[in-house]
Amino acid sequence: MAGRLRAPTGRYGGKSAAQRQAERRRRFLDAALQLFGDSPGYRATTVAALSEAAGLSTRQFYEEFRTLEDVLAALHLQVNAWAEEAVRTAAAGARGLPLADRAAVIFRAYAANVTADPRRVRITFVEIVGVSPRLEEQRLARRARWVDLICAEARSAAVRGEAATRDHRLAATAFIGGVNGLLHDYSAGWVDATLDEVVDELVHLLLAVLRPPGPSPEG
């Protein structure tokens, strides 16, 4: 299929073309969350199977997407957007808290959002990996966005005197890698710990990033 088919225009059933398109897209993404995030997984899903799960036709699929990779890309961004919204809401509510408390509130919001649905964990940390150069670029760009968020928190903490004034990007990147690995392993049942214990450990790591040891007296 060279490209998307043109979707019908005009009103039908009391809904505009834009409303119908948004509803179809949501149904395809909901179906993809189930099939990609559970069974059979992205690589074993066909356009026909996804369309059937969404209760729509393959023609309607090609009106919204060109390929299944486009669906995975959109779903990956959506799952990350949900988590980012939870983090920003938590950050706004934790304004004025000491760094340790603020970091705990923010990261618990992230972990609660991502792990509330195991399918989101699989989309974020498993299915997206190694699909294509395009999706690797998207995955790394999305990771960089989380790194930027941590660095912004670190700069704010430094202004308040709660963190060292330095470039935190390398440490933040290492932290995000640790988050990805540990939450994936927890979700897969490979970590003998509760979610609270996993989150507590990651909060300790985050605080080590935001509040590293200062220079020695001799320095």
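This is a predicted model: local features need pLDDT of at least 70, side-chain atom pairs count only at pLDDT 80 or more; totals for chains, interfaces and linings use all residues.
Figure 1. The chain contains nine helices and zero strands, so its pattern along the sequence is written α-α-α-α-α-α-α-α-α. Take contacts between residues at least 6 apart in sequence: 66% of them join residues at least 24 apart. The accessible surface of the chain is about 11700 Å², and carbon and sulfur atoms account for 54% of that area.

**Figure 2. Helix H1, residues 17-37, and what covers it.** Let us begin with the length of H1. Its 21 residues, at 1.5 Å a residue, should span 30 Å, and the end C-alpha atoms lie 29 Å apart, which agrees. Buried residues of H1 include Ala17, Arg20 and Arg24. Further along, Phe28, Leu29, Ala31, Ala32 and Leu33 are buried too, as are Leu35, Phe36 and Gly37. Among the elements covering the buried residues of H1 are helix H2 (47-54) and helix H3 (58-64), together with helix H4 (68-93) and helix H6 (118-127).

**Figure 3. Helices H7 and H8 where they cross.** Here we turn to H7 (residues 133-159) and H8 (residues 169-187), whose axes come within 9 Å and cross at roughly 125 degrees. That angle makes H7 oblique to H8. The crossing is right-handed. On the H7 side, the contact is made by Arg143, Trp146, Val147, Asp148, Ile150 and Cys151. Their partners on H8 are Arg169, Ala172, Thr173, Phe175, Ile176 and Asn180.

Definitions and conventions
Residues are numbered from 1 along each chain as its sequence is written. Side-chain values use heavy atoms; hydrogens and water are left out. Helices (H or I, at least four residues) and strands (E, at least two) are DSSP runs, numbered from the N terminus. The expected span of a helix is 1.5 Å times one less than its number of residues. Buried means under 20% relative accessible area, exposed over 50%, partly exposed in between (1.4 Å probe, protein chains only). Contact means heavy atoms within 4.5 Å. Accessible areas come from the Shrake-Rupley method with a 1.4 Å probe; for residues, only the protein chains shown count as cover. Axes are lines fitted to C-alpha atoms, for helices over the stretch in contact, and angles run from 0 to 180 degrees between N-to-C directions. Angles under 35 degrees count as roughly parallel, over 145 as roughly antiparallel, 65 to 115 as roughly perpendicular and the rest as oblique. A crossing is left-handed if the near helix is turned anticlockwise from the far one by less than a right angle, and right-handed if clockwise.
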